[in-house]
Amino acid sequence: MAVKDIIKETEEKMKKAYEAMLREFAEISTGRANPNMVEGLRVDSYGTPMLLKQLASITVPDARSIVIQPWDTSIIAEIEKAILKSNLGVNPVNDSKIIRLVIPQLSKDRRDELTKVVKKMAEEGRISLRTIRRDAKEAIDKLEKDKKIPEDEKFKGHDALQKIVDSYIQRIDQTLVTKEKELAEF
């Protein structure tokens, strides 16, 4: 494996880590209804965990409510359980055909609590990126140790890795600032 392959693979892993953090951020309620809050919930359906968006249509009729209409109403209780187990902080209203979620106005305390949660998620995202970088750096070092690449190529590889990490950490920081502003708005 060449250095460029390691860097390409590392960038893919970092992209996936960043996207995972974005999905976690989307589940944090800002007081405004958003289908992303529930799309990624795992629902036990017919003995298999599936994403809610694969089992139902999710609509936002107004700024404070989400309507979930399962394609098979026999799993409505399972959807309700998944919502209750999530950290959304909303109680589902089930009328046996649809589930309605009313997003409550955020209190100052809840807003502060959610800000801490998103900061922690961002830090976990940064840690994940640094772990991926460390693994790639070790792979490059091993190539140089095994005499498969010269020392200067190892250092170029390290520099390229650092640039990728810096760009993703910058994205995380920008996303965090945006999410904090969303939480402060309401």
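Where in the chain does alanine 33 lie? You'll find alanine 33 in the loop between α1 (3-26) and α2. Keep in mind that what you're looking at is a predicted model. Let's start with the whole chain and then come back to that loop.

**How confident is the prediction?**
- Averaged over the protein chain, the pLDDT is 90, and 99% of the residues score at least 70.
- Helix α2 (residues 36-39) has the lowest confidence in the protein chain, with a mean of 84.
- At the other end of the scale, strand β4 (residues 65-70) has the highest, at 94.

**The chain as a whole**
- Count along the protein chain and you get five helices and six strands.
- Their order along the sequence is α-α-β-β-β-β-α-β-β-α-α.
- The C-alpha trace spans about 70 × 40 × 20 Å along its principal axes.
- The radius of gyration of the protein chain is 21 Å, while a compact globule of 186 residues would have one near 16 Å.

- Of the 186 residues in the protein chain, 38% are buried.
- The protein chain's accessible surface is about 11000 Å², and carbon and sulfur atoms account for 50% of that.
- Take the contacts between residues at least 6 apart in sequence: 63% of them join residues at least 24 apart.

- Alanine 33 has a relative accessible area of 10%, so it counts as buried, the cut-off being under 20%.
- Leaving out residues up to four places away in sequence, alanine 33 touches Val60, Asp62, Ala63, Arg64, Ser65, Ile66 and Ile103.
- One of those, arginine 64, is 31 residues from alanine 33 along the chain, yet their C-alpha atoms are separated by 5.1 Å.
- Glycine 31 has its place in the loop between α1 and α2 too.
- Buried or exposed? Glycine 31 is buried, because its relative accessibility is 0%.
- Glycine 31 and leucine 114 are 83 residues apart along the chain, and 11 Å separates their C-alpha atoms.

**Rings to look for**
- There is one aromatic pair in the structure.
- Have a look at tyrosine 168 as well: the charged end of arginine 171 sits over its ring, 4.4 Å from the centre.

Technical notes:
Residues numbered from 1 in each chain as written. Predicted model: local features only at pLDDT ≥ 70, side-chain atom pairs only at ≥ 80, totals over all residues. Heavy atoms only, no water. Phe/Tyr/Trp six-rings, centres within 6.5 Å; stacked < 30°, edge-to-face > 60°. Lys NZ or Arg CZ within 6 Å of the ring centre and 35° of its normal. pLDDT = per-residue confidence, 0-100. Helix = DSSP H or I, 4+ residues; strand = E, 2+ residues; numbered from the N terminus. Rg over C-alpha atoms; globule rule 2.2 N^0.38 Å. Buried < 20%, exposed > 50% of the residue type's maximum accessible area, 1.4 Å probe, protein only. Contact = heavy atoms within 4.5 Å. Areas by Shrake-Rupley, 256 points an atom, 1.4 Å probe, with all protein chains shown as cover.
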